[in-house]
Amino acid sequence: MAEHAGVYLRLAAASVRATARRPAYLVVRFLSAGMIVVIEVAGVVLMLDRFGSIGGWRPAEVVVLFGLAFTAQGLALMFGDTLEADKVSELVRRGTFDQVLTRPTSPLGWVVASYVDTRFVGRMLAGAVTVAWAADRAGVAWTPGRAGLAALAVACAATIIFGVLLAAAGFTFVTVQGSEAVNVLIYGGQYLASYPMQIYGSALRFVFVWVIPIGLAIYVPALGVLGRQGPAGLPGWLAWLSAPVAGAFAALGGLAWRAGIRHYVGTGS
Amino acid sequence: MRAYLALLRAGFQRQTSYRLALAAGLLTNAFFGVVRTAVFYALYRERDQVAGLDVADALTYVWVLEGLFAVVWAPWFWELAEAIRSGEFVAELLRPGDPYLRLLAFDLGRTLSVLVTRTVPTLTVAALLLPLRLPATLGGLVLLGASLVLAAVVSFQLRFLFGSAAFWTPDYRSLFMLVFPVLWLLSGFVVPVDFFPGPLRALVDWSPLIPLLMAPVRVATGAAGAALATQVAWVALLWLGGRAVLALASRRLVVHGG
Amino acid sequence: MNAHPVIEVEGLCKRFRTRRGPVEAVAGIDFRVQPGEFVGYAGPNGAGKSTTVKMMSGILLPSAGRVAVCGMVPYRERKRLARRMGVVFGQRTQLWWDLPLEESFELVGHLYRIPPAERAARLARLEEVLALGPLLAVPVRSLSLGQRMRAELAAAVLPAPEVLFLDEPTIGLDVEAKAAVRDFLRELNRDQGTTVILTTHDLDDITRLCSRLMIIDHGRLIYDGTVEALRTAYGTTRVLVVDLAEDEPVQVQGAVLARAEGRRRWLEFARDEVSAAELIARLLAGHEVADLTLEEPDIEDIVRRIYRGEAPP
């Protein structure tokens with residue numbers, strides 16, 4: 001796969017060049033994506049300031065979670081948007097996926113690299129700025145360790161979201177229909193992970209820490225960044241567990257993708 | 001008159017046929033509703049009342065929001081604009097009768113379908129499981145129903161205004177994309193408007209976005225009179241505005257030929 | 001025989017499960033294609049052409065049988081095979097829609113790991129042959145169908161594939177564009193020795209380009225032989241469809257009555273024996289005619305005739 005890396009980068013660059021042909025449109029999408037993040041954060045701040053705290057967390061600390069979740073989502077969607085069930089469903093129905101399979105590349109690499117949505121760069125940047133601003137408000141003293149944890153949170157959560165997209169895409173090869181349920185996981189999951197996990201009931205917590213571990217990926221490293229103690233019984237090294245967990249989850253997603261392709265090749269939808 | 005009712009029915013039938021989308025939509029509503037409920041429960045753990053709202057008010061807000069989501073941010077938002085750009089809409093303007101009323105009738109049919117298949121079930125289930133603050137009397141429920149319908153009407157009127165930008169520019173989507181985040185916030189879909197700081201709140205209470213969500217929430221939680229009045233007033237104002245826009249657009253089409 | 005065959009197909013089957021029950025799209029076909037052959041692959045719609053091509057290019061799994069292209073099993077070594085084969089779909093594009101054409105060629109070069117100097121040389125030659133020079137800076141979406149098809153061909157052969165699969169490449173093109181495409185393919189096959197499999201409905205494509213023709217119908221190969229033999233056997237017949245002014249028997253020298261319905265007569269005649277003009281003149285001399293049209297034989301006709309058992313291939 002490494003030999004192909006250059007090819008995928010070029011494909012991605014070509015996609016960016018193609019979208020750059022309408023720069024005004026690009027800028028609008030970028031700005032609007034950034035503004036949505038800003039607005040959501042503003043709303044949360046307005047509300048939390050009135051209440052003073054939630055689950056023992058100060059507003060600025062919660063906003064750090066929001067920032068991390070948005071950044072991760074932006075990163076994942078920047079590449080994974082093409083895997084959205086609706087788009088894959090269209091690829092299959094139109095027969096365009098056949099062409100993807102005639103290329104000397106992995107179909108996943110091709111699909112991902114062939115369209116990089118820069119609108120999500122706006123989301124990512126706004127998310128990162130949010131983290132910086134909120135961390136400052138929360139009095140976080142940045143150390144390399146803490147910065148590493150923040151990066152870990154973003155990377156792992158992004159990997160998990162990407163895994164969700166992969167799995168959903170794999171299913172779409174079989175059902176050939178788009179599914180909004182995926183959006184619930186991607187947007188709902190991000191929203192849920194933006195609040196401290198202890199406010200949720202055990203069922204929700206279990207699902208989003210151990211099944212679709214985006215809660216784990218954001219919350220636990222954030223504890224480290226904010227210098228907070230987790231709820232009693234949460235070991236300190238749990239933060240680093242999020243990496244293999246995220247990786248395993250994405251790998252499962254990859255298996256679903258592969259199974260989907262095998263089905264496609266077998267039945268020639 | 002019969003024509004408008006027919007359109008109403010047609011819109012209703014059209015929207016109820018999207019069963020898969022309905023299931024997915026209910027799932028989305030349920031999920032976000034549950035998460036928001038958890039958030040408010042956590043917020044109200046240490047306080048009884050904030051900005052005049054208690055936990056029951058807040059939960060009612062959450063589930064009216066989820067119920068009305070698909071009514072306000074209708075998935076068919078851009079259909080009008082696309083019909084305008086493609087030239088199909090010209091035929092609509094040439095037919096006898098009132099095009100605005102026709103559009104309203106069809107749209108209302110669709111939003112009524114959403115109200116019946118999504119809003120009411122969502123609110124009912126939430127009311128059974130959670131301590132919402134909903135009217136206890138039949139009269140109160142009727143007023144709530146009226147308020148939901150008025151919200152649907154205002155939703156159409158605002159969507160019409162945004163869609164009609166297509167008469168003047170092909171970049172209607174970009175325009176909206178830039179404005180949307182602010183609308184999203186000011187209509188109360190991020191957090192209840194009640195939590196806005198004083199001066200901002202006073203300003204926002206006068207906006208046509210209030211009838212979309214905050215007014216029905218207020219009708220549900222008790223302050224029916226003022227909220228309903230706001231909705232009716234905005235329906236009237238937006239009606240006038242909508243007709244003015246349509247008249248301008250028709251004139252433009254006649255001059256420029258679509 | 002000569003060198004190892006480039007394509008080997010043995011007992012190839014493909015069954016689909018549809019709502020109406022199992023369907024056998026390909027029901028056991030056998031053939032071998034030698035390097036350098038120019039094979040036409042024809043058949044009515046739904047006969048199994050594209051299914052076969054998909055199995056040969058590795059994007060569809062056979063239900064039974066054996067297939068090998070360039071010595072590889074297509075669905076097992078899809079990526080490796082993709083490097084040595086080219087595909088052109090008539091309706092769909094393999095190019096980058098929004099970017100200038102030259103960028104598509106650059107990307108193809110990187111995709112297939114063509115050394116830059118080599119790519120430039122090949123491109124220069126292709127540009128000349130296909131008259132692509134003025135089109136290089138144009139975004140692909142702005143090209144006309146004819147221009148785009150020439151560009152697709154260039155992009156498909158740029159990596160110098162051993163095998164080229166073409167799916168209806170001349171469909172929708174005007175006469176000039178068709179000629180350009182045909183000339184190019186003929187040269188490619190002759191000078192580079194590229195094996196070409198041409199799936200088409202267009203009989204002219206076949207007669208002008210293919211040395212060999214395979215006809216598939218209902219998943220079975222009903223003809224596999226030279227184009228000449230087929231032409232001699234069936235391709236020379238044309239049909240004059242006449243609407244007579246009165247319902248009367250028709251007898252015209254040089255033509256055979258194939259069918260009669262009401263006042264309409266279908267007259268078959270051999271292309272090399274009598275010209276259409278001559279036949280019409282003879283007809284008009286003896287009958288009053290309300291209307292007439294000329295029909296060219298198409299694949300469906302030939303298939304029908306093969307089934308009727310007329311003249312073995």
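Guide: Start with the chains. Two pairs of chains touch, and the pair A and B has the most contacts (a contact means C-beta atoms, placed from the backbone, within 7 Å). Chains B and C do not touch; their nearest C-alpha atoms are 19 Å apart.

This is a predicted model: local features need pLDDT of at least 70, side-chain atom pairs count only at pLDDT 80 or more, and totals for chains, interfaces and linings use all residues. Residues are numbered from 1 along each chain as its sequence is written, while chains are lettered from A and ligands numbered from 1 in the order in which they are written.

Now the part itself, in chain B. Helix α2 (residues 19-43) and helix α3 (residues 55-72) of chain B have axes that come within 9 Å and cross at roughly 160 degrees. Therefore α2(B) is roughly antiparallel to α3(B) (the term covers angles over 145 degrees). Helices here are DSSP runs of H or I, at least four residues, numbered from the N terminus. The axes are lines fitted to C-alpha atoms over the stretch in contact, with angles from 0 to 180 degrees between N-to-C directions.

Next, the residues. From α2(B) come Gly25(B), Asn29(B), Phe32(B), Gly33(B), Arg36(B), Thr37(B), Phe40(B) and Tyr41(B). They meet Val55(B), Ala58(B), Leu59(B), Val62(B), Trp63(B), Glu66(B), Phe69(B) and Ala70(B) of α3(B). The residues of this contact divide into 10 nonpolar, four polar and two charged. Asp, Glu, Lys and Arg count as charged; Ala, Val, Leu, Ile, Met, Phe, Trp, Tyr, Cys and Pro as nonpolar; the others, Gly among them, as polar.

Technical notes:
Helix = DSSP H or I, 4+ residues; strand = E, 2+ residues; numbered from the N terminus. Parallel < 35°, antiparallel > 145°, perpendicular 65-115°, else oblique.
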